[in-house]
Amino acid sequence: MAWETGIYSCGHDGREQFYGKRKEREYAVKKHFERLCPECWKAERDKKAADDAEKNKAAALPPLVGSDKQIPWAESIRAKVTGKEDFIFALQNTSAKWWIDHRDNLEGISDYAIFMERMKYTDELVKKQVLPIPEKPLSLDGMSKFEMVNFINDYIDKNRTDKVVLEKSNPVPF
Ligand SMILES: [Zn+2]
C-alpha cells in the first residue's frame, strides 16, 4: 500500500492510496490519473444529467418521481432510449427507481419485451382464474408495439375479476 500523487486529465492534482505490487501499482496510478479528478467528474456528471433532463423534457416525456438523488441519475438512464421507436411505452414510466433498477438491461424494457411480459402475466391471471379466456382470439394485427401494450393492459384492466390498486406515482402498470 502506498500513497501516490499525480495530475488528473483536468489539470487538478491529487493524492490517492494504491495497493498491490509495484508494477501493478504503477499501472493503476497511470490509469487513475488519466481520468478527471473527483470534483470535475461530479461536475461533468451533473451537467450531463441536466442536459439529459432538458432532452427528455424537449421530447415531452413526463417528469420523473423520486428523490433528489434518484431523479438526475434516472434522467441520464432514460435519455439513452429517448426518441427510440421501441421505447415509446416504456418511456412513459415516471418512477426514477424503476429506471435505476433497469439501467443494466434497457433492452429488456423495450415495448416488445414489455408486451411479452404482459402476455405472460395475462396467462398467469388466466391460470389463477381471475381473468377469463377471451371468447375470440385477440387481434393485434396492424398495431404498433406501443398500441399492443396499451391494448393488453386495457384488456387486463377491464376483464380481471380481482381489482388491484395501482401505484399512484406510476400510471403505467408494468
Ligand atoms: Zn479537476
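Reply: We may begin with phenylalanine 89, which in this predicted model lies in the loop between H3 and helix H4 (96-101).

Me: Is phenylalanine 89 buried or exposed?

Reply: One counts the C-beta atoms around the residue, and 20 or more within 10 Å make it buried. Phenylalanine 89 has 24 C-beta neighbours inside 10 Å, and therefore it counts as buried.

Me: Which residues does phenylalanine 89 touch, not counting residues up to four places away in sequence?

Reply: Phenylalanine 89 touches Asp111, Ile114, Lys145, Phe146 and Val149. Consider aspartate 111 in particular: 22 residues separate it from phenylalanine 89 in sequence, while their C-alpha atoms are 5.8 Å apart in space.

Me: Which residues form the largest nonpolar core?

Reply: The general idea is that nonpolar side chains tend to be buried together in soluble globular proteins. Here the largest nonpolar core has 10 residues: Phe87, Phe89, Ala90, Leu91, Ile109, Ile114, Phe115, Met148, Val149 and Ile152. Two or more residues of this core come from each of helix H5 (111-127) and helix H6 (145-159). H6 supplies the largest share, 3 residues. Another core lies apart from this one; it has 5 residues, including Leu64, Ala74, Trp98 and Trp99.

Me: With which residues is phenylalanine 87 in contact, leaving aside its neighbours within four places in sequence?

Reply: Phenylalanine 87 is in contact with Val81, Ser110 and Asp111.

Me: How does one describe the packing of two helices, and at what angle do the axes of H5 and H6 cross?

Reply: One considers the distance between the axes and the angle at which they cross. The axes of H5 and H6 come within 9 Å, with a crossing of roughly 20 degrees. Angles under 35 degrees count as roughly parallel, and H5 and H6 are therefore roughly parallel to each other. Their crossing is left-handed.

Me: Which residues make the contact of H5 and H6?

Reply: On H5 they are Asp111, Tyr112, Ile114, Phe115, Arg118, Met119, Thr122 and Leu125; on H6 they are Lys145, Phe146, Met148, Val149, Ile152, Asn153 and Ile156. By class, this contact of H5 with H6 has 10 nonpolar, 2 polar and 3 charged residues.

Me: At what angle do H2 and H3 pack?

Reply: Helix H2 (residues 38-58) packs against helix H3 (residues 70-79) at about 60 degrees, and their axes are 8 Å apart. That angle makes H2 oblique to H3. H2 passes H3 in a left-handed crossing. From H2 the contact involves Asp46, Lys48, Ala49, Asp52, Ala53, Lys55 and Asn56, and from H3 it involves Pro72, Trp73, Glu75, Ser76, Arg78 and Ala79. The contact of H2 with H3 divides into 5 nonpolar, 2 polar and 6 charged residues.

Key:
Residues numbered from 1 in each chain as written. Predicted model: local features only at pLDDT ≥ 70, side-chain atom pairs only at ≥ 80, totals over all residues. Core = buried A, V, L, I, M, F, W, Y, C linked by C-beta atoms within 7 Å. Buried ≥ 20, exposed ≤ 12 C-beta atoms within 10 Å, placed from the backbone. Helix = DSSP H or I, 4+ residues; strand = E, 2+ residues; numbered from the N terminus. Contact = placed C-beta atoms within 7 Å. Axes fitted to C-alpha atoms, helices over the stretch in contact; angles between N-to-C directions. Parallel < 35°, antiparallel > 145°, perpendicular 65-115°, else oblique. Left-handed = near helix turned anticlockwise from the far one by under 90°. Nonpolar A, V, L, I, M, F, W, Y, C, P; charged D, E, K, R; others polar.
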